[in-house]
Structures are given as C-alpha cells and as structure tokens.
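Here is my note on the model, in numbered points. Please read it with the structure open beside you.

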Amino acid sequence: MSNLLEGKTALVLGVANRWSLAHAIAEAFRREGAKLILTYQGDRQKLTVEELGAALGAARVLNCDVTNDEDLDRLTAALEEEGHVDTMVHSIAFANREDLARPFVETSRAGYLLAQEVSSYSLVAVARVVAPMMKEGGSIMTLTYLGATRVVTNYNVMGVAKAALESSVRYLAADLGPENIRVNAISAGPVKTLAAAGIGGFSSILGVVREKAPLRRAIETSEVGDTAAFLLSHAGRGITGEVIMVDAGYHIIGM
Ligand code: NAD
C-alpha cells in the first residue's frame, strides 16, 4: 500500500504505549500519508504518548479521558480549530481486574456499569463529538473481541461490554450513514498489550490460537493497523455496520 490516506486527518484514541493496537493503527495511517491527532488518558500517560506522537509525526497530542465531559468538550474545541477529521479510531476498554477474575455471575453493579461506560458508551459519546467534523463523510472504527459473542474464560464483564459495543456500531452506522459516515469494528485476535495483561490465563488463550487458528499463529498488531487503513481508505467505502475479524481465522473453528 502507498499513500492510500493522503490528505486525510485521523483522530486516534487509545495509545498507551508502543504495544497498543492504537499505536499500530497510527503507524499504518502515518505510513499511508494521514495527518495524526492522538489522545491519551491523563497525566500518567502524557510523556509516553507525547514521545510516541513525536516519533509518528503527530500534529497534536491531546488529553482525553472519555468518562470526563470536560475533556470531551476540550476535544471538540481542538477539532473545531482543526476544521475537519476523516476518521476516529476508538481503541479503548477498561474493567475492574476482579470482574475479569471471578465468575461472571458475581459481577457488581458498579463494575458492570464501569465496563459499559468506558468500553462501550464512550464510542457513542466520541462519535457525537466527531460526526459534525466529518463534513465530507468519514470512517469511525472501534476494536472488539470474539468474547462479545462467545464465552471466553475470564473475559466476563468485558464480553458483555463488547456485545454492547458491537450493537452500538450497528445503530451508529444506521444513524450516521446518510452523512456518508461509516462505522465499523475490527475484532482482533489476542495480542499481548497492557489491557490484555488484566485477563487471567492470557498466555494460554494465545497458545490455543496458535494451535487451532487456520493460519496456525496469533496476529501481529500491524495486521490490525493495515485493516484500519483499508477501512479508512477509498477501498473501504462500501463497508459499514460491520465487525471485521482479524484473528488468523480463529473464529471459524468449532472444536
Ligand atoms: P492498551 O492497554 O494498549 O489500550 C487500551 C487503552 O484504553 C489505553 O490507551 C487506555 O489508556 C485506554 N483507556 C482506558 N480507559 C480510558 C478512559 N477512561 N479514557 C480514555 N482512554 C482510556 O490495550 P489494547 O489491547 O491495545 O486495547 C485497545 C482496544 O483493543 C481495547 O478496546 C481492547 O479491548 C481491544 N482488543 C484488544 C485485544 C488484545 O488481545 N489486546 C483483542 C481484541 C480487542
């Protein structure tokens, strides 16, 4: 691929470090000629994400905790200065560690709501911020996982949040389609990231994928980045409301 995204401005939420899926997506966007705006979650991540942003040639690096309406207002103001954006990547999820460890039936009300707020509702909140900036249409995407539709050990409350996220993708696609704004999810196979570290037995999940997936391997983050670049590019113009599996084919296997 070369310069598929020339002239496009991309807002990418969810870079925590160089292993983040959002970082691989930002790298692919940059390689294809897009202008990058990155966000980070609070002061703890500021320095790291500013350094990564500088290495990627990002035009802006902004603070945005998606549970904070003032941060979302500041994001709106920054995007208004920018004039327009062509894509927003939502690569954000959170659940309490204990809710990823104990049986799902024991999930607390607070833990359930927290996972939904950060991992699912935030897509709706940020879509509302960016849609008016997509004056010539655009592409919104989020990251999901097989645990939305199948029971995966220790995924628990996050699986339920991902199910809501995937449904939100379809409702947003229907709402925003008349504005030529497409909304899709990329369902990534397991990758060792900070978020994945919260899931008990993650290494054995990776082992099963390597053994059973049709491609007999786990995925590389660059494969998620390339799929995101395709979705944003002219080549992806007919796709909306979709969950695209980037998992070395693991999801087709029954036993
Ligand atoms: P990561 O830890 O690098 O990224 C998660 C990001 O969510 C971090 O940048 C974190 O700061 C951000 N975040 C959490 N709460 C936030 C808040 N309140 N406001 C703003 N940002 C917040 O891990 P990752 O694996 O790259 O995760 C990115 C997305 O990919 C998540 O939605 C995750 O569920 C999804 N995903 C990951 C895998 C995997 O195996 N790693 C597989 C499929 C889907």
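1. Start with a crossing. H4 and H5 cross in a right-handed way, where right-handed means that the near helix is turned clockwise from the far one by less than a right angle, and left-handed anticlockwise. The names come from DSSP runs, numbered from the N terminus: helices are H or I with at least four residues, strands are E with at least two. The model is predicted, so local features need pLDDT of at least 70 and side-chain atom pairs count only at pLDDT 80 or more, while totals for chains, interfaces and linings use all residues. Residues are numbered from 1 along each chain as its sequence is written, and side-chain values use heavy atoms, without hydrogens and water.

2. Now the geometry of that pair. The axes of H4 (residues 109-130) and H5 come within 9 Å and cross at roughly 20 degrees. Axes are lines fitted to C-alpha atoms, for helices over the stretch in contact, with angles from 0 to 180 degrees between N-to-C directions. H4 and H5 are therefore roughly parallel (under 35 degrees; over 145 is roughly antiparallel, 65 to 115 roughly perpendicular, the rest oblique).

3. Which residues of H4 and H5 meet? From H4 they include Gly 111, Tyr 112, Ala 115 and Leu 123; from H5 they include Val 157, Met 158, Ala 161 and Leu 172. Contact means heavy atoms within 4.5 Å. By class, this contact has 13 nonpolar, five polar and no charged residues. Here Ala, Val, Leu, Ile, Met, Phe, Trp, Tyr, Cys and Pro count as nonpolar, Asp, Glu, Lys and Arg as charged, and the others, Gly among them, as polar.

4. H4 has another partner. H3 (residues 69-82) packs with H4 at an angle of about 30 degrees, with the axes 9 Å apart. H3 and H4 are therefore roughly parallel. Their crossing is right-handed. Leu 72, Leu 75, Thr 76 and Leu 79 in H3 meet Ala 125, Val 126, Val 129 and Val 130 in H4. That contact has seven nonpolar, one polar and no charged residues.

5. Look next at Gly 241. It sits in the loop between helix H7 (221-232) and strand E7 (243-246). Its C-alpha atom is 5.2 Å from that of Asn 184, 57 residues apart along the chain. Leaving out residues up to four places away in sequence, Gly 241 touches Val 169, Arg 170, Ala 173, Val 183 and Asn 184.

6. The largest pocket holds about 1,300 Å³ of space. On a 1 Å grid over the protein atoms alone, a pocket is an open set of points with protein on both sides within 12 Å along at least five of seven lines; a cavity is a set where a 1.4 Å probe fits but cannot get out; lining residues have an atom within 4 Å of a point. Points are joined across faces, edges and corners, and a volume is the space filled by probe spheres set on them. The largest pocket has 46 lining residues, with Ile 92, Ala 93, Leu 194, Ala 195 and Ala 196 nearest its centre. H2 gives the most, three residues. The lining divides into 27 nonpolar, 15 polar and four charged.

7. The second largest pocket holds about 280 Å³. Its 15 lining residues include Leu 146 and Tyr 250, both among those nearest its centre.

8. How many cavities of 30 Å³ or more does a search of the whole structure find? One. The largest cavity has about 50 Å³ of space. Leu 146 and Tyr 250 are among its lining residues.
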